[in-house]
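Open the model in your viewer and keep the sequence panel beside it. This tour goes from one selection to the next and says what is there.

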Amino acid sequence: MHVLLTGATGYVGKHVLARLLRDGHRVTVLVRPHGGHLHARVVDALRPLDRLSHDVHDLPRIDVLASDITRPDCGLAAAALSMLAETPPDLLLHCAGLTRFEQHLAGTIQRHNLDGTRHAHVLAARLGIARFHFLSTAFIAGDSERPFGPDERDCGQDFNNPYEASKYAAEAYLEAGVTRGGPAITVCRPSIVVGGSALGDTHAVSTVYTFIKALHFLRACCLRDSRRARPRLSDAGFAAQGGRCHIPLRIEADATVTLDLVDMEDVVDGIMRTLGSQSRYEVRHLTGRPTTLAALRDGICAALGVEGPRLVAADAESRVSRTRLERQFERLTHVYRPYLGRTARFVPPADYHPRVVDPQAFARDFVRELDNTQASSTPRGVGALALAVAGVQEPSDYFAALADGRVGRLFLARNDFVDLRAEFRIRGVHACRAHLHISRGRARVVTGPGTPSSDCAYVLDDELFMRVISGQTDLRAAFFAGRVRIEGNLELALKFGALLGLYFRDIDEHVLEEIAL
């Protein structure tokens, strides 16, 4: 078949693409028009899977088109639309989406997961594509207490986050649209996907991988600190010996709660089985086997060589007595708290026999991939890991993390004399506008248009901003090189830039201090 695929550089999408190519299908891939050569980005996404040659020219026949699903016609150029119209694909497999749960990203999540689905579906209808396959999630069940089946969507549930709500809305749109003609619809609802190559196009991860990344970060801090003549973290109970680490950490969770973990191979198998569907509208659950939080914790700790994390019931006494490390860990993982106290149950297909998932195995594979990526990229170290664990993938993420204390607490504490209102206007693919008010060691952030008046404003590109906060580029040096425009009080802006430079220059040491606070 000829398959039009979105999301081919994401977590699930790249595994689906590898299977399609391995099975001999012709694939046209829609890829966001940034981040280097489009064809090379697709090859880079496939490389960790060991399915295909590393040589771009040896890749089986594949067309790669620049696209933006948040725009009508998925942002395709007129020439690309004409090419697709001449020989329409047999089906459109829509794997693109944003697997982020943060409330501050609600608008962005809606644009990608709901508007993006609408645009892809309209494109399929315009091109005369017979079938539209949509990658949804079983967690549109929200907070439903009873087993949730593939034959239902609305069971009076509330949603735990904007991600669940956006996927629910996308399914509602597709089901309503199928009655008006156009492509036949197949919806695949995986539960929590694990295994395979977990790092996507932006090296972002979600769900259980966030907890693995957070513990991996603390382990890296512990090992780095243990090499110091006078370790900072020992007072907090950290200890390292023979590559193993003791990290005293209580996590508010019910150890008996189960998570429905499904292996990536089962998800890909399930999607491939639906490609020949003849139904006008079909929903298929791609779920796995329940794994208790206790078993998940044990497997992750074994893979990392970590001991000390405990799952404890949430009560008033434990919350009052939490250590600063425990509060910080909660900040880093807070969007997943709804899943730690309640079991979500799904009804699988009768003919579905999922693989047994080994938490230690997929955690070990993920850490190996993460370490390989860190070793081959810049920046690296605990400073870079701190940003990654905090979910900082673009400038808007950084401002949100600064406001809620996931990053920058030491910087604010050390510079509590600063009273500044600064505006950041970030240009580029991840453009945003943020008004930052720092006063008495605290940061307040207002984003979007209509921000309050400011003492000064920094105007710079998104890539440069990310280099600044990762310690690769000094803000003042970038200004004098003509890469940053400053408006308003130049003297005040440069003084604040100097403070930022001092902090980010030794970001690894400052991260250790922050953990030890």
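## First stop: a loop

Select C74. At 0% relative accessibility, C74 counts as buried. C74 sits in the loop between β3 and α3. Check its backbone too: phi is positive, about 55°, although C74 is not a glycine. Bear in mind throughout that this is a predicted model.

Now select D73. This residue also belongs to the loop between β3 and α3, and α3 covers 78-86. D73 has a positive phi of about 60°, and D73 is not a glycine either. Is D73 buried or partly exposed? Its relative accessibility is 21%, so D73 counts as partly exposed, because buried means under 20%.

## Second stop: helix α2

Select residues 38-46, which form helix α2. How many of its nine residues are buried? Seven are, so α2 is largely enclosed by the rest of the structure. Colour the buried ones: L38, H39, R41, V42, V43, A45 and L46. Then show what covers them. The cover includes α1 (11-22), β2 (26-31) and β3 (62-66).

## Third stop: two packed helices

Two packed helices are described by the angle between their axes and the distance between the axes. Select α4, residues 106-127, and α5, residues 162-178. Their axes are 9 Å apart, and the helices pack at an angle of about 20°. That makes α4 roughly parallel to α5, since angles under 35 degrees count as such. The crossing of α4 and α5 is right-handed.

Show the side chains between them:

- From α4: A106, I109, N113, L114, T117, R118, H121 and V122 make the contact.
- From α5: P162, Y163, S166, K167, A169, A170, Y173 and L174 make the contact.

What kinds of residue meet in the contact of α4 with α5? They divide into 10 nonpolar, four polar and two charged.

Strands of a sheet pair through backbone hydrogen bonds, either parallel or antiparallel. Select β5, residues 131-135, together with β6. These two strands pair in the parallel sense over five bridges. Find R131, which stands opposite A184 in β6.

Look at which way the residues point. A184, T186, C188 and P190 go one way from β6. I185, V187 and R189 go the other way, and all of them are buried.

Select T137, in the loop between β5 and α5. T137 is buried, with a relative accessible area of 4%. What does T137 touch, leaving aside neighbours within four places in sequence? T137 is in contact with Y163, K167, E171, C188, R189 and P190. Among these, Y163 and K167 also take part in the contact of α4 with α5. C188, R189 and P190 are residues of β6.

Next, select T274 in helix α7, residues 264-274. T274 is buried, at 3% relative accessible area. Not counting residues up to four places away in sequence, T274 touches H133, T186, C188 and R284. Of these, T186 and C188 point one way from β6.

## Last stop: a five-stranded sheet

Select the strands in sheet order: β16-β15-β14-β17-β18. This is an open sheet of five strands with mixed pairing. The edges are β16 (442-447) and β18 (485-488). Each has a single partner strand, so one side of each is left without a neighbour in the sheet. Turn the view along the sheet: the twist averages 20° from one strand to the next.

Zoom in on β17, residues 456-461, beside β18. They pair in the antiparallel sense over four bridges. The bridge partner of A457 in β18 is E487.

Helix α13, residues 395-403, lies across β14 (419-427), β15 (432-439) and β16. It runs at about 25° to β15. Helix α15, residues 462-469, lies across β14 and β17. Helix α15 runs at about 110° to β17.

Key. Residues numbered from 1 in each chain as written. Predicted model: local features only at pLDDT ≥ 70, side-chain atom pairs only at ≥ 80, totals over all residues. Heavy atoms only, no water. Axes fitted to C-alpha atoms, helices over the stretch in contact; angles between N-to-C directions. Parallel < 35°, antiparallel > 145°, perpendicular 65-115°, else oblique. Left-handed = near helix turned anticlockwise from the far one by under 90°. Contact = heavy atoms within 4.5 Å. Nonpolar A, V, L, I, M, F, W, Y, C, P; charged D, E, K, R; others polar. Buried < 20%, exposed > 50% of the residue type's maximum accessible area, 1.4 Å probe, protein only. Pairing = 2+ DSSP bridges.
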